[in-house]
Amino acid sequence: MIQIKWLSKVLASGGQPLTILHPLELSIPRGQFVAVMGPSGSGKSTLLGLMAGLDTPTTGEIHLDGQEITRMNEDQLARFRGRTLGFVFQTFQLIPSLTALENISLPLEIRGGRGASFREASARAQQLLERVGLTARGGHYPAQLSGGEQQRVAVARAFACRPPVLLADEPTGNLDSANGKNVMELLRQLHREEGVTLVLVTHDQEVAADAQRVVTIKDGRIVGDHTPGNTKTDKPPKAKTAKNQSAKDQTAKGKPNRAKGGGAAP
Amino acid sequence: MSRFVWAMLLREIRSSWKRMAFLSLAVAAGVGGLVAVRAFGLALDGQMVAEARSLMAADMVMASTRPFVPREQAALDDLQRRGAQVVISREFVSMARTAKGTKLVEVRTVDPGYPFYGRVETGSGRPLWESLNQNTLVANRSLLLHLGLRVGDEIRLGNGRFRVADELIREPDGAVQLFSLGPKVILTTGGGEATGLIQPGSMVRYRALIKLPPKMDPLLAADRLKSRLPDRYAEVRTFDQAQPQVNRFIGQLTRYLNLVGLVALVLGGVGVSSAIRAFLTRKLDTIAIIKCLGGSSRQVLWVYLAQTAALGMAGSLMGAALGLGLQGLVARLLEGLLPVDLVFQPSWRAALEGLALGTLTTLAFSLPPILEARQAPPARVFRRDVEPMSPPRQRRRRAVLWIGIALPLLAGLSYWESGSAKMGGIFFGGLLGAVAALLLAAKGVLWLLPRLGRPPFFVWRQGLAGLYRPGNQTPLVVISLGLGVLLVLAVYVVRGDLFRQIGVNAPQNAPNLFFVDIQPRQQTTFNRVVAGQGLTPPRLLPLVRGRIQDLNGKPVRLDDLDGDEELRRTVSFEYALTYRDTLENGEELLSGTMGVNPAIPGPQVSVADWWVERTHLGLGDTVTVNIQGLPLTATITSIRKLNWRSRQINFSLVFMPGFLENAPQVFTTAMRVEDTARRVALQQALSQALPNVTSIDAEGVIHTIQNIMDRIAAVVQFMAAFTIAVGMVILAGSLSTTKYQRLREVVLLKTLGAARLRVAGVLAVEYLLLGGVAGGVGAAAAGVLSWGLVTRVFQGEWQWHPLPYLAAWAGAAGLTVLMGVIGSLDILAKKPLEVLREE
């Protein structure tokens, strides 16, 4: 489903080239649930962004669903994303001026003529809303929803067009553990029941444990690729590092919150 | 447009309609002024077309300033033989007198049949010819009031005595002159003969009013008539070509007003543009999300373009309604200067034009920020810090967008509204220059202010800092408010300076009493009467009337001169010629010699500097003047600079002695009589002794000019008010844009222990500074502009009077503080905890 060849990303940071990703190869078959793990700054989010065609690589190609996305222009990419990809973000990224239901039907509306009619779109959104357990919250604006509710809306939106691939960037990063479990359950369900290829970036061991395959990235290189359960891998991350890492992420939580505050005050 | 765009449009309106409605007020104020003027102009045009025949009282007119010569008369007779009706109307200025006083009046004589179209309105409501005969006249009420007369009393005009048969309210073709010297009186032709006032050389305007038989085409008839005339002394015009001075003047004024209105509209557009930019900056995340979900840049473009169009249309609709509501006010401000009574109905054309203009301007000015914003990279959803482009590239792109879209539109609008490439160009350049100057001045002051040192008081420090808050549209508010102040103040100052110019500021010895039409044989009587009043008789100046016939032997044809309006105007009027070989009234010899040059054969003439500039002639060239049918060709032997400020009687063409002495001539002169009572006594004595001599009191003329200028100034200031309104809306808009930022500041100040009054003080200082900068910059620019207008365009003397400038400055500052504090009341009232919790 996803083939990555010789992919690298180098940024010119203050005149000096800064390598975010060293040339790497990765192949993800259809229907697989892959967790991409690694400390922050390891390049895992960059990899996800490149896969989604949100960023241009320095070298290499990405084939997604049989198409080479690295050769597409902005608008071809946008259409391709609408057809093939669903996104779930750490900071939810709902549009603040739209209700929960409208946020969900948005991808269908953008697809326009080629997809369902408006009434169908709204029916499908209603159905998805039900599926994520928020039937009563359809008319609420993001600011009126809790973090967990917002992320459930985001999951529903990601799957509105039934894309074959779902990309999730730290989907539980801003949620408490109960809500995090809830969202993960939804994603697992989509993977199980709809056969979606799910690529999930996380630093949470527990979240990664659900995946069929865990790819570990460090300093822009793939340093591990294994199936969980088979705990004795070639390079297990040290417990100490992981702990430090999660502490760091805790302190960093203020940032997205502030962003949310700004967004809710138009 | 797809359903998606519609849906997004409706949703965005739902979430931010208040802001959009408010923003659209800026567009509304801009469009309102334009629609008001345009509706007025269209109503006037429509009325003029509808009443074209009445405004001429005929189908066709042949006008001349000399009695019709035999060939002209023959051409008229021929028309009559072919079924046309002709009435001759003569107009001249004279003195009406009774035992109690005298008054300068405009006399008109007509025959039964007049008017062919329209009707003469009388005080009694009865038809003109029921009361008008050889021995009666009808007169304006102002004459009756001035002389203390009633209908039925007697008036003397020249040698004739007439009974006032009725009050004259209006004649259909009366309003062809903007500038009148006195009340109007209508006599019969026989009555006119009885006055004995029409003599060779007296200034009389003859008009043959012609009613054509129904089958005759006016244009063909006019051509045929023209072809039978001996020279171009008489002008022939058909009713649909009638372009009296008033129409041309009002037409030009309307165009100027359109341009003033355009300033407001453009400011509104710029205001909306900057507000849209601020709005889109907050929407960058939404755009990135839309793109992540599969939306293309084109879809993004359409979403925000649709919103802007909706905003522009809403504003333009409000503006059109406002303009239609105010169109009557424009007419009211110009009352007395209009040739017809205007009937106002909603003008759909003006409204539609306003709607199109407003929407187009809003879109054009918003397109640059929208085109920029649609480039927002979808990767923003991952990383906040990704910028679409490097700042220099972004700046370059922004410049390209502005130059490519907004400026061409503005140039096009300037051209369209002004109706000429030259005017449009001047306006476009002037507007850009004014904006650049204001922007530069504003930036300079804003740069300087913090460098003057830290204000010692907390309130002032905080207020000053507020000016530099990001998102505050300080430069834009300064420009729009400054432009408003500039317009209002410049008009006020220029008007004041011109008033002083024609009144108070005249030289101490400038004459205030002018006498015209003194016949050659009346010279001694004139001098005796003046001496009898204990005054020194002034020198009498010979005056011969003539028209320019050829320039350098080439016949002047008005129809060929449409490309050179200045030349056309210069050769089309009748000249007052004189003869002498000395410089007078502070004239200055620029080149050549004043005096007969024996080396040059034939007549010689000295001309004014302005005259050679417009005719493109020089020393040695020849000019042929037509004096009552006889051509006289003279060589230009000197060029003089005239001194208009002397207020003496100036002659542009002065013949050297020996050539004009035998031409039909009258005498004219001017003198100064300080005391009003003595002035009146002299006029009265002269009109008793020499009834045909007309005396003109400068004070009455100045009063008339002041009245006209007052009305023009009022209507220009009315339009400038729209600019100020736009500035206020932009100010209020920028208030709401930075509302949350200020809210946080205010709450912080309160939490840190500042009392509410102190916080209000901080805000007041901020707006005081803002209004002060805008008002100061605008007032300074008004000073420069008015100086340029008064000294360069009107050739007058500019004077510095601090009061209007200070008043405008204080007014701008006060208005800004008022708006700012009112706009902040709700913020001041917030409890700190409420806001901090929202964080």
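Start where the two chains touch: select 28 residues of chain B and 30 residues of chain A, which make up the contact. Two residues are in contact if their C-beta atoms, placed from the backbone, lie within 7 Å. On the side of chain B that touches chain A, α1, α8 (245-292) and α9 of chain B each supply at least two residues. Helices are DSSP runs of H or I with at least four residues, strands are runs of E with at least two, and both are numbered from the N terminus. That side of chain B holds 11 nonpolar, 9 polar and 8 charged residues. Here Ala, Val, Leu, Ile, Met, Phe, Trp, Tyr, Cys and Pro count as nonpolar, Asp, Glu, Lys and Arg as charged, and the others, Gly among them, as polar.

This is a predicted model, in which local features need pLDDT of at least 70 and side-chain atom pairs count only at pLDDT 80 or more, while totals for chains, interfaces and linings use all residues. Residues are numbered from 1 along each chain as its sequence is written, and chains are lettered from A and ligands numbered from 1 in the order in which they are written.

**Chain B**

Next, select residues 297-333 of chain B, helix α9. Its 37 residues reach 51 Å from first C-alpha to last, close to the 54 Å expected at 1.5 Å a residue; the expected span is 1.5 Å times one less than the number of residues. Center on B:Leu326, where α9(B) bends by about 35°. The bend is the angle between axes fitted to the seven residues ending there and the seven starting there.

Now show α1 (residues 3-50) and α10 (residues 348-373) of chain B, whose axes come within 9 Å and cross at roughly 150°. Axes are lines fitted to C-alpha atoms, for helices over the stretch in contact, and angles run from 0 to 180 degrees between N-to-C directions. α1(B) and α10(B) are therefore roughly antiparallel. Angles under 35 degrees count as roughly parallel, over 145 as roughly antiparallel, 65 to 115 as roughly perpendicular and the rest as oblique. Among the residues that meet are B:Val27, B:Gly30 and B:Leu34 in α1(B) and B:Arg349, B:Gly354 and B:Leu357 in α10(B). The residues of this contact divide into 9 nonpolar, 4 polar and 3 charged.

Then go to the peptide bond from B:Tyr114 to B:Pro115, which is cis, with omega near -10°. B:Pro115 lies in the loop between β3 (102-110) and β4 (121-122) of chain B.

**Chain A**

Switch to chain A and select A:Gln93, a residue other than glycine with a positive phi, near 55°. A:Gln93 sits in the loop between β6 (85-88) and α3 of chain A.

Follow on to α3 (residues 100-111) and α4 (residues 118-131) of chain A, whose axes come within 8 Å and cross at roughly 130°. That makes α3(A) oblique to α4(A). The contact includes A:Leu101, A:Ile104 and A:Leu108 of α3(A) and A:Phe118, A:Ala125 and A:Leu129 of α4(A).

Last, select α5 (residues 147-158) and α6 (residues 177-194) of chain A: the axes come within 9 Å and cross at roughly 10°. α5(A) and α6(A) are therefore roughly parallel. Among the residues in contact are A:Gln151 and A:Val155 of α5(A) and A:Asn182 and A:Leu186 of α6(A). By class, this contact has 4 nonpolar, 5 polar and 1 charged residues.
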